Amino acid sequence: MPCNRPPGGLVCPPILLCWLTSALLRLALGSATVAAITSAGIVLPAVAGSGVAPELLVIAIASGSLMFSHFNDIGFWMFKEYYNVSVKDTFRVWTVMESIVAVVGLLGVLMLNAVMPPPPARQARRVFSLNSYHEGYPPSDEAMAAMREGFRRPGFLLREFFLDAKRHPGEGSLRSRAAAALDQIRAFRPEVILASDDDAVKFVVAPYLWHGPVPVVFCGVNWSADSYGLPREHVTGMVEVLPVDDAARMLRRFRPEARRLLVLSEDSTSEKRNTRLMDRRWRRLGFEPEYALVSGFKEWKTRFAEAQGRFDSSYLPTSGAIRNWDARQARLRVQRHTRIPSFTCDEFMMDYVSFGVVKIAREQGEWAATAVRRILQGERPSAIPLAENSRSRCVWNEAVARLAGLSRSDAGCAAWNHTNSASTATKVGKSESQ
């Protein structure tokens, strides 16, 4: 059973690979115990899922570890002293005997492998990821990256579907995409469904999947899942709570008198819902909010410029669904017209505001991936409590803040660099924002 070298590399049968690795380590180290333990760690990634019974691989490693006993083997010297023979005779008797045992062990393993039925193939655990948005939308990409890392290990099969709600927010389009997602779910037959953000929950989970039998883990639902009737027996998740309270307290440090607030954002499902859910919060924080949910970039530019003379401050949550968005033109508009403080809770909007207390989007993906793995291990979704994100950090855009008359001297925020937005996440505590 030789090792072959096909185009692209060397291929060796798993049993022979285990035996050879162990035998070579025995020759190099002398200790059978060390050779067996070390070779097991070396060959495991190569032989995992090879289709050979793991018991046979263990015997192959143990057999190889007996090959060619020499000076570094305590058994070599024990044989020599007990039988009072020379070193040469020890090699002729003990070493040859050990090597014969090693080869016979290999042959025995190969014979057993030939007659034993192969172990049942381990089925990959199937997870279906339903994303509300599209690849290229920064907060969603960060959460998705964490999810993918959670299922990158062997034994998982992750299928992804994007509703594309930012670029195609119309209800008819979303219902059509939801139907396509359901078709793919039926064909894929996942063991757990992972749903990201409001549109996936509103158009797929709430109307079709909440009753099971496939468990669902959601993340990124803004503020509360109550309006979707979640959680349920088959559904759990993490609600996304934006750190607007900390951002508002930060603003108060520089503009205690600020009252009139413009919320300038996109016209999308999630932002319409945020408007309803956050209005009471803004008023509790002492603001008199006005909402401008725009669908096109031209309207965004107009409303931004108009706000500088009518409001004390502005909040810019997102721009993902604004048609014809031009980041360069948006930065120019901000540089030419900014007169009032502006802030955000999403890091990808930092180019256009004075400062931000921004969420750590990866937290949603990490929590969701962990919850899915717990369910695959046998835990019921109803036993996993609904969670809220808690990680955020403060970021300061010096150029825009200066235009609004703000100084970073006592802000306690990290400097913003739009070429390197993935800096280390730190928790923003009350001591930073009060």
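# Sheets and helix contacts

Student: How many bridges join strand β1 (residues 125-131) to β3?

Tutor: This is a predicted model, in which local features need pLDDT of at least 70, side-chain atom pairs count only at pLDDT 80 or more, and totals for chains, interfaces and linings use all residues. Residues are numbered from 1 along each chain as its sequence is written, and side-chain values use heavy atoms, with hydrogens and water left out. Helices (H or I, at least four residues) and strands (E, at least two) are DSSP runs numbered from the N terminus, and two strands pair if DSSP finds at least two bridges between them. β1 and β3 run parallel, and the number of bridges joining them is five.

Student: Which residue in β4 is the bridge partner of serine 196?

Tutor: Serine 196 of β3 is itself the bridge partner of asparagine 131. β3 (residues 192-196) also runs parallel to β4, joined by four bridges. There, serine 196 has as its partner cysteine 219.

Student: How many of the seven residues of β4 are buried?

Tutor: Buried means under 20% relative accessible area, with exposed over 50% and partly exposed in between (1.4 Å probe, protein chains only). β4 (residues 216-222) is largely enclosed by the rest of the structure, because the number of its residues that are buried is seven.

Student: Are α3 and α5 roughly parallel or roughly antiparallel?

Tutor: The axes of α3 (residues 54-64) and α5 (residues 87-115) come within 8 Å and cross at roughly 165°. Angles under 35 degrees count as roughly parallel, over 145 as roughly antiparallel, 65 to 115 as roughly perpendicular and the rest as oblique. α3 and α5 are therefore roughly antiparallel.

Student: Are α11 and α12 roughly parallel or roughly antiparallel?

Tutor: The axes of α11 (residues 297-310) and α12 (residues 327-337) come within 10 Å. Their crossing angle is roughly 15°. The two helices are therefore roughly parallel.

Student: Which residue in β10 stands opposite threonine 344?

Tutor: An open sheet of seven strands has the order β7-β6-β8-β9-β10-β12-β13, with mixed pairing. In it, β9 (residues 342-344) and β10 (residues 355-359) pair in the parallel sense over two bridges. Opposite threonine 344 stands glycine 356.

Student: Is valine 263 buried or exposed?

Tutor: Valine 263 is found in strand β6 (residues 260-266). Contact means heavy atoms within 4.5 Å, and among the residues valine 263 touches, not counting those up to four places away in sequence, are Trp282, Tyr291 and Pro317. Tyrosine 291 is 28 residues away in sequence and 4.9 Å away in space, C-alpha to C-alpha. At 5% relative accessibility, valine 263 counts as buried.

Terms used. Axes fitted to C-alpha atoms, helices over the stretch in contact; angles between N-to-C directions.
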